[in-house]
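Colleague: I am new to this structure and would like to learn how to read it. Please take me through it feature by feature.

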Amino acid sequence: MRIIILLFLSILSFAVELQKPDVYKGDEKVNSWFMSEKLDGIRGYWDGKELKSRKGKKLYAPKWFIKDFPPFKLDGELWTKRDDFETIQSIVMDKYPSIKWEEITYNIFEVPDTKGDFIERLKKLENWLKEHPNRYIKIVKQKRVKNKKI
């Protein structure tokens with residue numbers, strides 16, 4: 001029994017702690033919130049060296065896809081286009097990466113473990129991309145919520 005518990009705890013320790021978005025319920029103070037489009041893709045966490053799923057499993061992205069990724073952490077969504085989840089899943093979850101990764105973009109909505117507020121953290125990636133352009137990395141457009149109508 002002890003072995004099973006230790007195995008279970010060790011499996012849990014490999015999961016990546018990723019931020020989850022809040023859902024608007026109607027009574028929150030929203031004037032400090034940001035909103036963005038909900039992409040229906042596969043969550044991807046770049047730890048500075050490897051691309052992983054939200055559960056911490058390695059994603060077998062081709063070397064050419066990740067070769068120009070930054071040396072710092074990113075959190076985002078691997079995505080192609082709207083209503084294409086099954087295709088995205090088949091591409092991203094394959095242990096033998098294919099040329100179909102050309103269709104994937106890595107859409108970033110957070111730069112974890114970076115100093116500063118939310119906008120400053122995204123600015124770090126934006127500045128990095130100016131010096132190291134990468135056609136696969138996109139920053140998800142964020143809109144500041146001013147009131148309950150917007």
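Modeller: Start with the order of the elements. From the N terminus on, the protein chain runs α-β-β-β-α-β-α-β-α-β-β. Keep in mind that this is a predicted model.

Colleague: How many helices and strands does the secondary structure of the protein chain come to?

Modeller: There are four helices and seven strands.

Colleague: How do I read the sheet, and what is the order of its strands?

Modeller: The general idea comes before the case. Strands of a sheet pair through backbone hydrogen bonds, either parallel or antiparallel. Here, five strands form an open sheet in the order β3-β2-β4-β5-β6, and the pairing is mixed. At the edges are β3 (51–52) and β6 (137–139), each of which pairs on one side only.

Colleague: How many bridges join β4 to β5, and how do these strands run?

Modeller: Strand β4 (residues 74–79) and strand β5 (residues 105–110) run antiparallel and are joined by five bridges. To follow the pairing residue by residue, take G76, whose bridge partner in β5 is I108. Likewise, L78 has Y106 in β5 as its bridge partner.

Colleague: And how do β2 and β4 run, parallel or antiparallel?

Modeller: They run antiparallel, with five bridges between them. In that pairing, R43 has E77 of β4 as its bridge partner.

Colleague: Is β4 mostly covered or exposed?

Modeller: Mostly covered: six of the six residues of β4 are buried. For the protein chain as a whole, 37% of the 150 residues count as buried.

Colleague: Let us turn to single residues. Where is W101 found?

Modeller: W101 sits in the loop between α3 and β5.

Colleague: Does W101 count as buried or exposed, and why?

Modeller: W101 counts as buried because its relative accessibility is 0%, and the cut-off for buried is under 20%.

Colleague: What is W101 in contact with, beyond its neighbours within four places in sequence?

Modeller: Its contacts include Y60, A61, P62, W64 and F65. Also among them are L51, L78, I91, V92 and Y136. P62 shows how to compare sequence with space: W101 and P62 are 39 residues apart along the chain, while their C-alpha atoms are separated by 7.5 Å. For the protein chain, take the contacts between residues at least 6 apart in sequence: 74% of them join residues at least 24 apart.

Colleague: How many salt bridges does a search of the whole structure find?

Modeller: The search finds nine.

E102 is partly exposed, with a relative accessible area of 36%, whereas R135 counts as exposed at 51% relative accessibility.

Colleague: What separates K123 and E126 in helix α4?

Modeller: They are three residues apart in helix α4, so about one helical turn separates them. K123 forms a salt bridge with E126, and the closest N and O atoms are 3.2 Å apart. Both ends are partly exposed: K123 has a relative accessible area of 38%, and E126 has 32%.

Another salt bridge is made by the side chains of K52 and D47, at 3.3 Å from N to O. D47 is partly exposed, with a relative accessible area of 24%.

Colleague: Last, is E110 buried or exposed, and what does its side chain make a polar contact with?

Modeller: E110, in strand β5, is buried, with a relative accessible area of 6%. Its side chain makes a polar contact with the side chain of R121, at 2.8 Å.

Notes: Residues are numbered from 1 along each chain as its sequence is written. This is a predicted model: local features need pLDDT of at least 70, side-chain atom pairs count only at pLDDT 80 or more; totals for chains, interfaces and linings use all residues. Side-chain values use heavy atoms; hydrogens and water are left out. Two strands pair if DSSP finds at least two bridges between them. Helices (H or I, at least four residues) and strands (E, at least two) are DSSP runs, numbered from the N terminus. Buried means under 20% relative accessible area, exposed over 50%, partly exposed in between (1.4 Å probe, protein chains only). Contact means heavy atoms within 4.5 Å. A salt bridge is a side-chain nitrogen of Lys or Arg within 4 Å of a carboxyl oxygen of Asp or Glu. A polar contact is a pair of N or O atoms within 3.5 Å; within protein, one must be able to donate a hydrogen and the other to accept it, and residues adjacent in sequence count only if both atoms are side-chain atoms.
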